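Please look at the sequence and the three-dimensional structure shown below, and keep both in view while reading.

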Amino acid sequence: MSHPRNILLGAQAGSVQLPVCDHYSGVEARMRKSLQLQAEMTQEFGTCVFDVTLDCEDGAPVGGEVEHAALVTELALTTTAATPDARIAVRVHPVDHPSFEADMAHVAGRAGRVLTHIMVPKVETVADVALAQAALLAAGAPDLPLHVLIESPAAVHRAFDIAAHPRVQSISFGLMDFVSAHGGAIPADGMGIQGQFTHPLVLRAKIEIASACHAHGKVPSHCVVTEFKNTEAMRMAAQKAARELGYTRMWSIHPDQIRPILEAMAPSEAQIDQASDIILAAQNAQWAPISHAGQLHDRASYRFFWQLLERAHHTGRRVPSEIQLFFTGYGKKADLVS
């Protein structure tokens, strides 16, 4: 029998599904701890619930860019050799930075086969994406996906064109640079936990990016929360990003932020139970319309509930054994994490 993802998503079946948390670190000790934490939580949840992005942009000391690129490359290679299921990415310097080409040549050239993606910051236009793609081709990594970081008003204006590029897998929003780019027109609290969800210009940018991603089957990734010691603030931000703004992924910059992101973006037990009942009933009906709890359901609602179950899987939530087979049994060939 065909996998629900192929039955229900059709042309969208090839769209990417990523862990809901992307954890950034650039200092060597923290990078090593992040990779260890990823391994521990993968064992705990039974699936890799967050990516680790090793940071060359903010992590490399000025003048030490070459050495730092070598370090993150070696970390990626040694970690994946020991743990093949590890999900590791690297953020390189922007395309106009003197170290960009060297970053791409070394990191993608040596470790492209084991990385999940390359993150390119400060992308302004589709031409920047084309430059990054050319660098990947030159490095011998023709299939490595690109994630891009949009950080200016002009880049937000071009979000739909950037999202349409076939190499782009995800777009992230760079809150701090976006606010700074307005020359004081957005107050400083626009970068804080409250202002980033209330200032109209910031909200508009977030919504544009999310909408562009969904229009082209890409993953919108929400920006950082700098109040990393405030767990409740982190949880609130993740809930707003997911439930009100349409984001399906979020940055973490401190280990304490990972679990609140997972919790906020995971479906509840009641939602998982409802979705499981509907999907299993639909499968038994050969995906024809059904009546469930007094409501009519067809492929439009089946699609919604299947995607909810995918999100449950990516956040390490327990699902009924019949549903788990879609992720570990005959559904394994329909790999749900690109």
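Leaving aside its neighbours within four places in sequence, I118 is in contact with V90, V92, M104, V107, L136, L144, P145, L146 and H147. This is a predicted model, and in it I118 belongs to the largest nonpolar core, which has 75 residues and in which V90, L115, I118, I171, F173 and I209 are the residues with the most contacts inside it. Apart from that core lies another, of 19 residues, which includes I278, A282, L308 and I323.

One of the contacts of I118 is L144, a residue found in the loop between α5 (126-138) and β5 (146-150). Is L144 buried or exposed? Because its relative accessibility is 4%, and a residue counts as buried when that value is under 20%, L144 is buried. Residues up to four places away in sequence not being counted, L144 touches A108, G112, L115, T116, H117, I118, L136 and R167.

From L144 the reader can turn to S221, which stands 77 residues away along the chain, with 18 Å between the two C-alpha atoms. S221 is found in strand β7, made up of residues 219-222, and with a relative accessible area of 0% it is buried. Its contacts, when neighbours within four places in sequence are left aside, are S170, I171, S172, F173, Y247, R249, M250 and W251; I171 and F173 are also among the residues with the most contacts inside the largest nonpolar core.

At 1.5 Å a residue, the 13 residues of α5 should span 18 Å, and since its end C-alpha atoms are 18 Å apart, the model agrees with the expectation. Which residues of α5 are buried? They are D128, V129, A132, A135 and L136, and because they cover an arc of only 120° around the axis, they lie on the same side of α5. What covers these buried residues includes α4 (100-111), β4 (118-120), β5, α7 (159-164) and β6 (168-173). At the N-terminal end, α5 is capped by T125, a side-chain oxygen of which lies 3.2 Å from the backbone nitrogen of A127, while after the helix comes G140, with a positive phi near 80°.

A similar reading can be made of helix α2, which runs over residues 28-45. With its 18 residues, α2 reaches 26 Å from its first C-alpha to its last, close to the 26 Å expected at 1.5 Å a residue. In this helix M31, S34, L35, Q38 and M41 are buried, and they are on the same side of α2 because they cover an arc of only 130° around the axis. On the other side of α2, K33 and Q43 are exposed. Among the elements that cover the buried residues of α2 are β1 (21-25), β2 (50-55), α3 (65-82), β3 (88-91) and α11 (258-265), and α2 is followed by G46, whose phi is positive, near 85°.

Another buried position is A111, which has its place in helix α4 and a relative accessible area of 0%. Leaving aside neighbours within four places in sequence, A111 is in contact with T73, A76, L77 and H106.

Most residues other than glycine have a negative phi. K122, however, has a positive phi of about 55° although it is not a glycine; K122 lies in the loop between β4 and α5, and at 35% relative accessibility it counts as partly exposed. W287, likewise a residue other than glycine, has a positive phi near 70°. W287 is found in the loop between α12 (269-284) and β9 (290-292), and with a relative accessibility of 7% it counts as buried.

Finally, a database record can be set beside the model. In an unreviewed entry, UniProt lists residues 38-255 as "domain: HpcH/HpaI aldolase/citrate lyase". In the model, the end C-alpha atoms of this span lie 10 Å apart, and the span is 44% helix and 15% strand.

Definitions and conventions: Residues numbered from 1 in each chain as written. Heavy atoms only, no water. Helix = DSSP H or I, 4+ residues; strand = E, 2+ residues; numbered from the N terminus. Buried < 20%, exposed > 50% of the residue type's maximum accessible area, 1.4 Å probe, protein only. Contact = heavy atoms within 4.5 Å. UniProt positions renumbered as here; feature names shortened; annotations may be inferred. Core = buried A, V, L, I, M, F, W, Y, C linked by side-chain atoms within 4.5 Å. Expected span 1.5 Å × (residues − 1). Arc of directions from axis to C-beta. Polar contact = N/O pair within 3.5 Å; in protein donor to acceptor, adjacent residues only side chain to side chain.
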